[in-house]
Amino acid sequence: MSIISKDIQKAIALLSADKLVAIPTETVYGLAGNIYSEKAIKSIFETKKRPFFNPLIVHIPSTDTLDDIVSYVPEKARLLAEAFWPGSMTLVLEKHATIPDIITAGKDTVAVRVPKHPLTLELLKQLPFPLAAPSANPFGSISPTKPEHVERYFKDAIGQVLDGGPCSNGIESTIIGFENDEPIIYRLGALAIEDIEAVIGKVAIKNKKEISPDAPGMLERHYAPSTKTFLTNNISQELKKHLGKRIGVLVFKSAIKDSNIISQIILSKKGDLQEAASHLYNAMHDLDHQNLDVIIAEKCPDFGLGKSINDRLQRATFSS
Ligand code: TXA
Ligand code: MG
């Protein structure tokens, strides 16, 4: 018999009573509720101020339970699940008839993943139902990668923040859908395209314009700080446009020396894209709370996780 920690016992009790719990995952913290509780799911949408047309991701404890959630699994989806679950990949597949419409926003597909965090995996194993969990942030704002971020956003609105420390990957899962059994990336994320292609060969990326509002994670402005943010390949040049303002800077690996900069965060001194991704949202939260006039962010190299980081930075900016 395994010993269940007090925190997990509390989470089980709250979730079984139609309440919400913020859960740690390796990507970002999620705002979780029982997928079969209409009350819980409605309160997820209300707490986040998320429009009902934006479907939720279903979190399951292992690939073995996938058939309870979906009615059909293409061969390439099966290969991906074997390769990457538990992990930072969400599959969008034909939904099982028992999945409530409110989860999928009326669509006949459902997004599903097995997250890779020991606390949440343990919780999912103990619960008799899967968890719907969007990122635990108000709609459109920066996703939380630490318990403090969730507490700052929602304070008393949710029953519990299950503390699993900082998220190791730090950006959301990569979402992959299927059209005529062929994979298409709906959202870039914590699993690099190169890793996916090593398993199933070339994959297409869905054109942004075709997507919204079905997958609002792909909306042009999303994951955004409230401080006006600019994205550039050349920080020194961008700095000149903002002289006299309180300027914060977010760089990939090399510090910029300039007396006009009030605050500067380096994502990875050793130039490691995985490390940079894991620090990205925390850096954006930090800069956003320093009473700055502008944040100037530097683009990362455009390969591997750099593509996903640049995607999020692009959506954080005003003038794109
Ligand atoms: O890493 C993650 O995926 C985190 C953690 C908590 O698991 N969750 C997350 O959820 O990022 P959320 O709700 O913030 O983003 C889910 C995205 C949305 O953009 C939504 O539109 C898309 O998944 N989505 C959900 N169901 C879909 C479907 N049936 N078809 C297309 N997109 C779907
Ligand atoms: Mg989100």
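**A buried arginine and its surroundings**

In this predicted model, R187 counts as buried because 23 C-beta neighbours lie inside 10 Å, and 20 or more are enough for that label. R187 is found in strand 10, which covers residues 182-187. The UniProt annotation "binding site", from an unreviewed entry, includes R187 along with R50, N54, H59, T109, S135, S143 and Y223. These positions span 174 residues in sequence, and their farthest two C-alpha atoms are 24.2 Å apart, so they do not all gather at one spot.

Another annotated position, Y223, sits in the loop between helix 8 (208-211) and strand 12 (228-232). Y223 is buried too, with 24 other C-beta atoms within 10 Å. Neighbours within four places in sequence aside, Y223 is in contact with I142, S143, R312, R315 and A316.

Of the 320 residues, 43% count as buried. Among contacts between residues at least 6 apart in sequence, 65% join residues at least 24 apart.

The chain is divided into domain 1 (6-218) and domain 2 (228-316), with 27 Å between their centres, taken over C-alpha atoms. Domain 1 and domain 2 each bring 15 residues to the contact. On the domain 1 side, these residues divide into six nonpolar, seven polar and two charged.

Key. Residues numbered from 1 in each chain as written. Chains lettered and ligands numbered in written order. Predicted model: local features only at pLDDT ≥ 70, side-chain atom pairs only at ≥ 80, totals over all residues. Buried ≥ 20, exposed ≤ 12 C-beta atoms within 10 Å, placed from the backbone. Contact = placed C-beta atoms within 7 Å. Domains from an automatic or database assignment. Nonpolar A, V, L, I, M, F, W, Y, C, P; charged D, E, K, R; others polar. UniProt positions renumbered as here; feature names shortened; annotations may be inferred. Helix = DSSP H or I, 4+ residues; strand = E, 2+ residues; numbered from the N terminus.
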